[in-house]
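Trainee: I'd like to go through the labels on this one and ask where each comes from. Can we start with the terms?

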Amino acid sequence: MIKFLDLQKINAQYEKELKEASNRVIDSGWYLMGKELNDFEQNYASFCGVKYALGVANGLDALRLIFKAYIELGVMQKGDEVIVPSNTYIASLLAISDNDLIPVLVEPNNETFNLDSRLIENAITSKTKAILTVHLYGQISIDQQMLDICSKYNLKLIEDAAQSHGAQSKGKTSGSIGDAAGHSFYPGKNLGALGDAGAVTTNDKVLANTIDALRNYGSHKKYENEYQGLNSRLDELQAAFLDVKLKHIQQDIKGRRRVANYYLKNIKNQSIILPKVVNEEGHVWHLFVIKTKERDDLQKYLLKNGVQTLIHYPIPPHKQKAYIEYNHLNFPITEQIHNEVLSLPLSAVITGEEIEKVAIILNNYK
Ligand SMILES: *Cc1c(COP(=O)(O)O)cnc(C)c1O
C-alpha cells in the first residue's frame, strides 16, 4: 500500500536528533516556557522573516489568541465581522466565532482554492474588521487586490498559515505578509511536532506582548493577571522537536516539490483536473489536490490498486451541524470543490517508484 502520509518514515529521518532533544529536555528538569521554547521562537521568527514568534498549544489556539488579543486591545469587539473563505478547514471559523466575532464566508477562486479577492468588497459592511485568509494546501492566498482592500477599509489581515510553512510570494514568507498569522504544527503538517503545537507570528510588538500574556493565563508576571487568558503554551519537548525539524525544512520542501512537479508532468487523464500553481517557486505543497467529477469512484479505484488518498475536506463548514445557522447558505464553488477534490500521497519520503506507480494507475483510470 502506498500510504497517504508516512509519519513514522518522516520522523525516522531525524531519529537521532529527536532522541537527543528529548533526552536533553528530560534531563533539564524544566518543561514549560524555557530555553527550548525561546530558541525555537527565535529560529521560527527568523525563518518566517518576522520580529516575533510565540509558541502556543496548537494552530486553532494561535488563531483564537490573535482575535482575543485584538479584542483586548480594542481593535475589535464582540459582534464584529471577519471575512473568511468558505472553502477552509473548520478551525478557521472556530477561531472567529469562539471570540463572539462573526465569520462572513466568501467563495474561493475555483482554480487556486484560495479566497477570491474579487469577491471580498461585496461582503464588507460597517462591522467588518478583518480578513482571515487561508494559504490552503501550501500556496500563498494574498494578492495585491487583497492588500489594497485592507488598506482602503482599514482591515486587519490575518493569515491562517497552518498549511504553508515556508511558502513564499513576491519575496515574502508565509506568516510575514499580514498583520499576524496563526501556524499549526499538528503532526501531519509540513512542519509537524510529535503532538499538538502552534505559533503566532507578527511584527506588531503590542500584539505580541498581549498574546504572550494571553497564552499564559493573561499574566506577564506570575500571579498577576492582566487579562482573562488561556492556558495555551508550547511545551519544551515539542519546541525541542520542532527546532530539530525546522533545520531540515528546506530539504523537506524540496522533496515535496519534486513529487508535485512529477505529478503535474506525468498525470495525464482527461477526467482529472490538476491543481493550478500561481507561483511555482513559492508553493510548499502541503497537499496535492486533484479534482474530478468521479471523485468517490476514483478514490475506490485507487485504494483497490494500493494507493491511499484522503479528501480535504468532505463537508464544507457552512454545511456542518456546528454552524447550523449557515446551513441554508449556498456557496456553489465551495460545494463543488468539496464534492470533487482528492488529495494524492505526497511527502519528502515517498519514493520515485511510488509516485511513478501513482501516476500510471491514475492514467489507466477509465
Ligand atoms: C490544521 C489547521 C488548523 C488547525 O491547526 P491545529 O494545530 O490542528 O489546531 C487551522 N487551519 C487550517 C487551514 C488547518 O489546516
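This is a predicted model: local features need pLDDT of at least 70, side-chain atom pairs count only at pLDDT 80 or more; totals for chains, interfaces and linings use all residues.

Trainee: Which residues does Ile140 touch, not counting residues up to four places away in sequence?

Mentor: By that cut-off, Ile140 touches Asn114, His135, Ala167, Gln168, Ser169, Ser174 and Ile177. Ile140 itself is found in the loop between strand 4 (128-134) and helix 6 (144-153). Helices here are DSSP runs of H or I with at least four residues, strands are runs of E with at least two, and both are numbered from the N terminus.

Trainee: What makes Ile140 count as buried or exposed?

Mentor: Buried means under 20% relative accessible area, exposed means over 50%, and partly exposed is in between, with a 1.4 Å probe and protein chains only. Ile140 has 13% relative accessibility, so it counts as buried.

Trainee: And what about Arg256, is it buried or exposed?

Mentor: Arg256 has a relative accessible area of 3%, so it is buried. Arg256 lies in helix 9. Leaving aside neighbours within four places in sequence, Arg256 is in contact with Asn190, Val284, Trp285, His286, Leu346 and Ala348.

Trainee: How many disulfides does the structure hold?

Mentor: The count is 0. A disulfide is a pair of cysteine sulfur atoms within 2.5 Å. For Cys48, the closest cysteine sulfur is in Cys150, 19 Å away, so that is too far for a bond. Cys48 is buried because its relative accessibility is 2%, and Cys150 is buried as well because its value is 8%.

Trainee: Why are helix 9 and helix 12 called roughly parallel to each other?

Mentor: The axes of helix 9 (residues 249-266) and helix 12 (residues 352-363) cross at roughly 30° and come within 10 Å. Axes are lines fitted to C-alpha atoms, for helices over the stretch in contact, and angles run from 0 to 180 degrees between N-to-C directions. Angles under 35 degrees count as roughly parallel, over 145 as roughly antiparallel, 65 to 115 as roughly perpendicular and the rest as oblique. Helix 9 and helix 12 are therefore roughly parallel.

Trainee: Which residues meet between helix 9 and helix 12?

Mentor: Helix 9 brings Arg258, Val259, Tyr262, Tyr263 and Asn266, which meet Gly352, Ile355, Glu356, Val358, Ala359 and Asn363 in helix 12. The residues of this contact divide into 6 nonpolar, 3 polar and 2 charged. For those classes, Ala, Val, Leu, Ile, Met, Phe, Trp, Tyr, Cys and Pro are nonpolar, Asp, Glu, Lys and Arg are charged, and the others, Gly among them, are polar.

Trainee: Why are helix 4 and helix 7 called roughly perpendicular?

Mentor: The axes of helix 4 (residues 59-72) and helix 7 (residues 205-214) come within 9 Å and cross at roughly 110°. With that angle, helix 4 and helix 7 are therefore roughly perpendicular to each other. Leu65, Ile66, Lys68, Ala69, Tyr70 and Glu72 of helix 4 make the contact with Leu207, Thr210, Ile211 and Leu214 of helix 7. By class, that contact has 7 nonpolar, 1 polar and 2 charged residues.

Trainee: What about the backbone: what is the phi of Asp100?

Mentor: Asp100 has a positive phi of about 60° although it is not a glycine. Most residues other than glycine have a negative phi, and most peptide bonds are trans. Asp100 sits in the loop between helix 5 (90-97) and strand 3 (102-106), and it counts as partly exposed because its relative accessibility is 43%.

Trainee: Which peptide bond is cis?

Mentor: The bond from His312 to Tyr313 is cis, with omega near 10°. Tyr313 is found in the loop between helix 10 (295-304) and helix 11 (332-340).

Key
Residues are numbered from 1 along each chain as its sequence is written. Side-chain values use heavy atoms; hydrogens and water are left out. Contact means heavy atoms within 4.5 Å.
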